[in-house]
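Visitor: I would like to go through this structure label by label. For each label, tell me the value and the rule behind it.

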Amino acid sequence: MKFKKLVVSILLGSTVLLSMPGYAEDIELYVNHNVKINEKPRVLVVFDTSGSMAFSTRTGNSCGFNNSSGKYKLCSDSRLGVAKSAISDLVDDNEDIDFGLMRFNGDNGGYVMARLGSARNTVLNEIEKLPADGATPLAETLWEAYLYITGGSVYYGTNTNARDFSAESNRVYKSPFEPVIGEPERCDNSVNIILMTDGDPSNDANRNSDINNLHRRHFNNSNGPVVSNSYLAALAKVIHGTKDVKIDLYPNTPKVDDIGRVYAIGFGSGMSENGKNLLHQTALLGGGSIYMLIPQSSYLKH
């Protein structure tokens, strides 16, 4: 077994309608790798489906509101279109990675649309269905992701029948860390979570106490960091741990510590400085990296 860096290329910001040059950005995933076992790294994408994803990528403005549907009109250069194209390319170009997909559920947390290890076409089809409608419950959706990877009870996912029921059994998530009977024990004991968002959190405070209590349990009864009035970074810290506090996300596999990393992709034109700082601290404490889109320019890695 050895530790290696997996470089995943993602093309962000390139669509026919935008007439913008594409900017290739590399997301560096650090994984354990055993050359004798043909196992795939795991990447869970959390996709922003808030209403502002309908806005123009270039101007940051809306293209009007449809009173009959109660939704923003989708701009021809919408953030949604850019993001769907980018994430679809990411999935399509990396056959050696197991992808999963989550989305926001209006103003009520988020849910798993495609479990980790779903067929590539399944993930791509679910990406194509993604709308632009609702709020930006970042921490609540990451909380649902935490429940999923740790094998907890389905919480926000119970609010919709559009979720991937194969990711659970009797409303309890099947952790991707759970060993599969008949298959070799995995060497790569990590899950990489990519948060993709265009704006600051909203309608996102209902799990603050749960996140803080979780942080206190793992970090010597200390309160979690509150960044830009959000507990998102605190939860990322719990998912990744620190050099002094090792966190095992799935203790049922006692031979290894199962870990997570949190990455962030932000669309800069729709985010305040507080929002950008929140993503920066979330990726920093989550062990990942942050990638910010500056329209008409390149993606800048911080």
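Visitor: What makes Cys 75 count as buried or exposed?
Guide: This is a predicted model, so the value is computed from predicted coordinates. Cys 75 has a relative accessible area of 4%. Buried means under 20%. Therefore Cys 75 is buried.

Visitor: And how is Cys 63 classed, buried, partly exposed or exposed?
Guide: Cys 63 has 42% relative accessibility.

Visitor: Why is the pair Cys 63 and Cys 75 called a disulfide?
Guide: Their sulfur atoms are 1.9 Å apart. The cut-off is within 2.5 Å, so the pair qualifies. By this rule the count comes to one disulfide. The link is right-handed, with 115° about the S-S bond.

Visitor: Which parts of the chain does that pair link?
Guide: Cys 63 sits in the loop between strand 3 and strand 4 (65-66). Cys 75 sits in the loop between strand 5 (71-72) and helix 1 (79-92). The two cysteines are twelve residues apart.

Visitor: How do you know whether Thr 49 is buried or exposed?
Guide: The relative accessible area of Thr 49 is 0%. The limit for buried is under 20%, so Thr 49 is buried. Thr 49 lies in the loop between strand 3 and strand 4. Beyond four places in sequence, its contacts include Arg 103, Phe 104, Leu 130 and Asp 133.

Visitor: What makes strand 3 mostly covered?
Guide: Six of its six residues are buried. Arg 42, Leu 44 and Val 46 point one way. Val 43, Val 45 and Phe 47 point the other way. Both sets are buried.

Visitor: How do you know which strands pair with strand 3?
Guide: The rule asks for at least two bridges. Strand 3 has six bridges to strand 6, and these strands run parallel. Leu 44 stands opposite Gly 100 in strand 6. Strand 3 also has five bridges to strand 10, again in the parallel sense. There, Phe 47 stands opposite Met 196.

Visitor: What makes the buried residues of helix 2 a face?
Guide: Val 123, Leu 124, Glu 126 and Ile 127 are buried in helix 2 (residues 120-129). Seen down the axis, the buried residues fall within an arc of 160°, so they line one face. They pack against helix 1, strand 6 and strand 7 (110-114). The face turned away from the buried side carries the exposed residues Asn 121, Glu 128 and Lys 129.

Visitor: Which residues touch the most other members of the largest nonpolar core?
Guide: Tyr 146, Ile 193 and Ile 239, in a core of 45 residues. Helix 3 supplies the largest share, nine residues. Ile 239 touches Leu 142, Tyr 146, Ile 149 and Ile 193, among others beyond four places in sequence. A second, separate core has 28 residues, including Val 43, Val 45, Phe 99 and Tyr 291.

Visitor: What class does His 280 fall in, buried, partly exposed or exposed?
Guide: The relative accessible area of His 280 is 31%. That value falls between the 20% and 50% limits, so His 280 is partly exposed. His 280 is in helix 6. His 280 and Ala 233 are 47 residues apart in sequence and 8.8 Å apart in space, C-alpha to C-alpha.

Visitor: How do you know where to read the model with caution?
Guide: The mean pLDDT of the protein chain is 84, and 83% of its residues reach 70 or more. Over residues 1-7 the pLDDT stays under 50. Over residues 295-302 the pLDDT is below 50. Where pLDDT is low, predicted coordinates should not be read in detail.

Notes:
Residues numbered from 1 in each chain as written. Predicted model: local features only at pLDDT ≥ 70, side-chain atom pairs only at ≥ 80, totals over all residues. Heavy atoms only, no water. pLDDT = per-residue confidence, 0-100. Contact = heavy atoms within 4.5 Å. Core = buried A, V, L, I, M, F, W, Y, C linked by side-chain atoms within 4.5 Å. Buried < 20%, exposed > 50% of the residue type's maximum accessible area, 1.4 Å probe, protein only. Helix = DSSP H or I, 4+ residues; strand = E, 2+ residues; numbered from the N terminus. Arc of directions from axis to C-beta.
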